[in-house]
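Please look through the model below. This report covers a sheet, some helix packing and a set of charged pairs.

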Amino acid sequence: MDTHNAEDVDMMEVRPRKRIRSSTKRKRATSPTHSPRVPILFAPFRALGLITNHIPFYVQTRSYKGATEGPRIHILTCLGRSWALWEGGKMGLLFVGPEVQDPISCLVMDGDAVWAASGAHVIKYLRGKEVSRLSNPLRTPLAFFIIFGSQLLALTEDGRRMLIWEVSTNERALFATIQFDIGFTATSILHPATYLNKVLVASNEGDLQLWNIRTQTCIHKFSNSQLRTLPSQQHMTSLPSPITALTQSPAIDVVGVGFMSGEISVYDVRADERLMRMYMDNGGIKALSFRSDGHPILASASSSGHIALWDLDSGGRLLHLIRGAHDGAVSALEWVPGQPVLISSGEDNSVKQWLYESPTAVPRLLKFRSGHHAPPHLIRFYGEDGKQLLSASADRTLRYVSVVRDSRSYEMSQGSLARKATTLSKPLASLKFPPITSISCSSTRSKDWDDVLTAHADEMCVRSWTVLNKRVGKHTFNSAESSKRKSPSGVVKCVCVTACGNFGLAGSSTGEIHMWNMQSGLKRKSFKVGPCPQTLIDRVGLSSTTEPKASERGITGLVSDALNRVVIATTSDGTVNFFDFHACTLDQVLVLPTSASLMMLQRDSGLLAVVCDDMVVRIIDIETRRIVRELVCGVHGRILDIAFSSDSRWIVVTSLDSVIRTFDIPTGQLINAFRTPSVATSVAFSPTNDFLATTHVDSVGIFLWANRSQYSEVAFRAISEDDIAEAALPSMQGSEEDEALEALEALGVEDKPTDVFSTPPQLDGDLVTLTLLPRARWQTLLNLEVIQQRNKPKEPPKKPEHAPFFLPTLPGVEHRFAIEEKKQETQEKHTRRLDKIVANSRSILQKLLAESDKDSGLNDALFDYIKSLSPAAIDLELRSLVSFNSLQQFLRAIKRRLQSHLDFEAVQALQNVVLRLHADVIIENEDLRAELEELLKIQKKESGRVLDLLASSLGILGFVRDAQ
C-alpha cells in the first residue's frame, strides 16, 4: 500500500475552458484538433428521443421555505458524450450540457453545479456552461467519483488508484493519490453517514475497505466471505463475487451491498457483521436503495430488468417483484427522500417513477420518459404540418415522435401485453409484434378510422394503427387468407395507404398485391404482376427452364398516385409495373437495368424514385412512364433510403458509406453531400421543407437537420464526390438554455461560395465596354435643363397660415371674419467670409480629378464616383468646374477613358454637357484649346472604330438572315 502527496506528483495545470456562445451562432464542442466543415445546405438542429444510457443517474431534491408542493426534484442523466437535467415534477428537460470529446463515465450534482467525468478529466458546469475542469496527471481515464465535502474523490479506470482534489479553493490542487494493493480493483466509493473523513471503497473482487482520506490510511478491510456469510454460517465458504451496488441505509453504520451473483447483504460496518441476506434470480444486482420515509423497505434492481422490494422488518421478506420494469438492465434506483416514490432508469433509454400508495399495495407507474432502446431503422413524417414522426425500431415498437416538443412523444400501444406477460409468465418483449419493415400513412381520414399500415418481418399479415387513439387499430389484414389455398403464401414486404385514406395495399414476396378497405377491413381487389416479361428474359439471358415464375417475383415497392388512377409496383427482378386502379389490369411494364430494392412516389409532382442495386436512383415520370433522370450515388455503399422534398426539387439519399447526398432533380446534379460519424439508416424530409430527419445505426435518437435555404440565401452549385463535408450529429436542447430555439442561430452560412460566373470588368481590350447603367441615366443628363424647365413650379409653395382660436368678426348684418394678411419677406444675407470659404472649397469630383491626373491608375475611382451620382448631381459637379486646372484635368481624364475603351456612352454624355457649359472658356484659352484638339483626334479615331465594328456586326447579321 503506497500513498503519494500532491507535491510528489507532477500535475499538469489545465486551463478551464468555458463554452463560448454568441447571439447568432451556437458552437458545439468538438475535437480540438479537428473542426469538421459544416454542410452548406443542412445545419445540425436538435436530437429527439434521447433520455439516458447505462450510466447511473443522480437525483437532487431541494426544499424551499413556505413551499406547498413538496421538494423540487432534479434528475441528472447521461446521454453519452453530454448530459441532461430533467425536472422531476413533469419530467421536462431543463438543461443539456455541451458535448465532450470522450464518453461520460459518472455524473454528480453539487448545489447548482454539475460535475461530469469524461476521459481523464472531471468537468464542472454551471447552467450548462463549463467553468472549470480537473485533470488526471497520470493521463488515465476516470471511472467513478464523488463529492465529499470540500474534496472530490475519483477512481481510475483500472481501479488501482484513488485521486483526491481540493475543490473548495480556486487552485483546485490535487491533495493526494492513494494506490491500492495488488488484488484490489476499486469500482465505487461510498461515504458512510456520520463518519468523519472516512469512505468505503468497493472492489471487483468482492471486498470492501474503509479508508481515512486525511491520513491516507486503510482502517479496516471487509473480505468477500464476511460480507456474504451470516455469523451462524461462518464455516461455509463461497466463491468471490464482484460488488456491483453499494448504498447507505437510514440507519447509522448499516449499508447495503449488492453482488453480481444476485446476493444482497445488509451489513453493519461498525460491528463488522452481516445482518440479513436476500437473493434475486435472473441476473446480478445493479442498484440498491433504502426507503427513507419511515418504512424499512429495500429496493433492488437486477440486470434482467426486474425491481424487487424487500421488507427489512420481516428479515428480508420479498414484498413485491416488478417483472420487466425495464426492457434492459436497470442502471440506477433512488427513493425520493420522504416520499413513497421510487425513481429507476435502465439501459432501455427510459426513466420511470413508481408510486407506492401503501406498503402492501402493488406499485404503479406514476411518470416516465422513454424512447427507443434499440436504434430506429425506419422513420416517416406523419401529417402535412411536419410536426410529427412515426419511427420503427428493432425493439419491436412503433413510436409517435413530436418534432416540436419531445415530451409529447409516446409509444403506440400494442394492447394489454403486461397482463398477458404476467398470465403466461413470459417476458414482455417476447409478446410484442415483430420489427416493422414498412410504414405507410395518410392523415386524410385520421379522425374517422385507422390511418397507418405496417408490415412486419417474416409475417404474412398487415396491421393497422390509429394515431388518434395511440394504439394498434381494429384490423389485421392477412394476405395468406386472401390468396388461394393452393398458391404459396408469401411474406408481406411493403404497404401503401392511398392518398384519400380509404384503402390500404400490401405487396408480398410471391408477387401478389391485395387491397383492403381501411374502414371495414374487407378485401376489395387483387393485383398480380404476372410472368417475367420477355424483355427481361432477353436481357438476362434466361432459358425457359430457369425463367422465374410469377410467384418468385417478389414485390419490393408499392405506391398509388394522388387520384387513385394507377397502382405502381416494383419487383425484385428489376421491373416497374403500372396497374389500373379500378380495372386491376396490368397496363405497362418498364424494365430497369438492374433489380429494384426501394421505391418512393412524390404524389404532387408525379415523380417516382426507384433505388436500383447498381447504386443509381432512377426518376420516372408516371405520366409519360419514362426514366427522366439517373442519379449516381457513389460506388462504395448500397443505398438505404431516399426522401423527396415537398416541392419535388431535391431528393435526399443515404447509403452505407455514411454519406447523405442531396440531388437537384431539374439539373440532375449533386448539390450537397456530408458524411456523418455513423451510417444513416433512414431519412425523411419534412412536408414543410424545413427539417431533414435521420436515424443512425449506433444511436437510439432521431436527429433533425435544419434546411438553411428556408432561413437564408444559399447559393447552389454542382459538386463532386471529393467535396463531401464532415458533420457531427445534433445534440439535445433544453427549455432553459441561453439561446432561444426559435432563433435558429446555427443556420447562418459563414463561408459563401465563390462566384465562378463573375464577369470581368472588360472582356477584351479591343472591345468597347459600356457602363451597364440604364440608358435613361445619360439621356436625362443630356436633357436635364429641358426637364427642369418643364417641371418648374408656377409659383413657390406657401406656408399655410395658422388660424387663431377666436376669429375676429367684421361689423354688419352678415357674419364675416376679419382675416389679416401677413407678409414676411426674408432676404438672404451674404457675407464675405462665407463667400471666401465657398471659393476655396473643392468638391469630391475636383479632388478625384487632381488625384487621377497625378496617377492614371485612379481613373477607375473617378468614373465609379460619377456613375454613382444622379443626373442632377452630375450636372452640378460639372458646373462647378470653373477653374482652368479643373477643366484641363477633366479633358485629360476623358481622353484616358476613351483610350481604355471603357464607359463609352458615359464619356460621350459627359463631353456633351461639359462643352455646352464651358465652351466659351475652353475656346478663349490656348492650352485648353490644344487639349480639346487632341481629344477631337482621339474621339474621331474611337468613333470610327466603333462604327466599323457596328457595320461588321450588321453585315454578319444580314448574311445570316439572308441565308435562312
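A residue counts as buried when its relative accessible area is under 20%, and as exposed when that area is over 50%. The model is predicted. With the cut-off in hand, take Lys895: its relative accessible area is 8%, so Lys895 is buried.

**Charged pairs**

Side chains of opposite charge can pair when their charged atoms come close. The whole structure holds 35 salt bridges. Three of them are listed here.

| Pair | N to O distance |
|---|---|
| Asp112 and Arg62 | 2.6 Å |
| Asp860 and Arg897 | 2.6 Å |
| Lys895 and Glu934 | 3.2 Å |

Start with Asp112 and Arg62, whose side chains meet in a salt bridge. Asp112 sits in the loop between E7 and E8, and Arg62 sits in strand E3 (residues 58-62), so this pair ties together parts that are 50 residues apart in sequence. Asp112 has a relative accessible area of 55%, so Asp112 is exposed. Arg62 is partly exposed, at 21%.

Next come Asp860 and Arg897, which form a salt bridge. Asp860 belongs to helix H9 and Arg897 to helix H11, so the pair ties together parts that are 37 residues apart in sequence. Arg897 is buried at 5%.

Lys895 is in helix H11 and Glu934 in helix H13 (residues 926-963), so the pair links parts of the chain 39 residues apart. Glu934 is partly exposed, with 40% relative accessibility. Salt bridges with shared partners also build one network from Asp860, Asp864, Lys867, Arg897 and Asp903.

**Helix packing**

Helix H8 spans residues 844-854. Its buried residues are Leu845, Gln846, Leu848, Leu849, Ala850 and Ser852. What do they pack against? They pack against helix H9 (859-868), helix H10 (871-879) and helix H11 (884-899).

**The sheet**

Strands of a sheet pair through backbone hydrogen bonds, either parallel or antiparallel. Here four strands make an open sheet, ordered E7-E8-E9-E10, with antiparallel pairing. Strand E7 (104-110) and strand E10 (129-135) are at the edges, each with a single partner strand, so one side of each has no neighbour in the sheet. On average, neighbouring strands are turned by 20° against each other, direction ignored.

Now zoom in on strand E8 (residues 113-118) and strand E9 (residues 121-126). They pair over six bridges in the antiparallel sense. Ser118 has His121, in E9, as its bridge partner.

How values were computed:
Residues numbered from 1 in each chain as written. Predicted model: local features only at pLDDT ≥ 70, side-chain atom pairs only at ≥ 80, totals over all residues. Heavy atoms only, no water. Buried < 20%, exposed > 50% of the residue type's maximum accessible area, 1.4 Å probe, protein only. Helix = DSSP H or I, 4+ residues; strand = E, 2+ residues; numbered from the N terminus. Contact = heavy atoms within 4.5 Å. Pairing = 2+ DSSP bridges. Axes fitted to C-alpha atoms, helices over the stretch in contact; angles between N-to-C directions. Salt bridge = Lys/Arg side-chain N within 4 Å of Asp/Glu carboxyl O.
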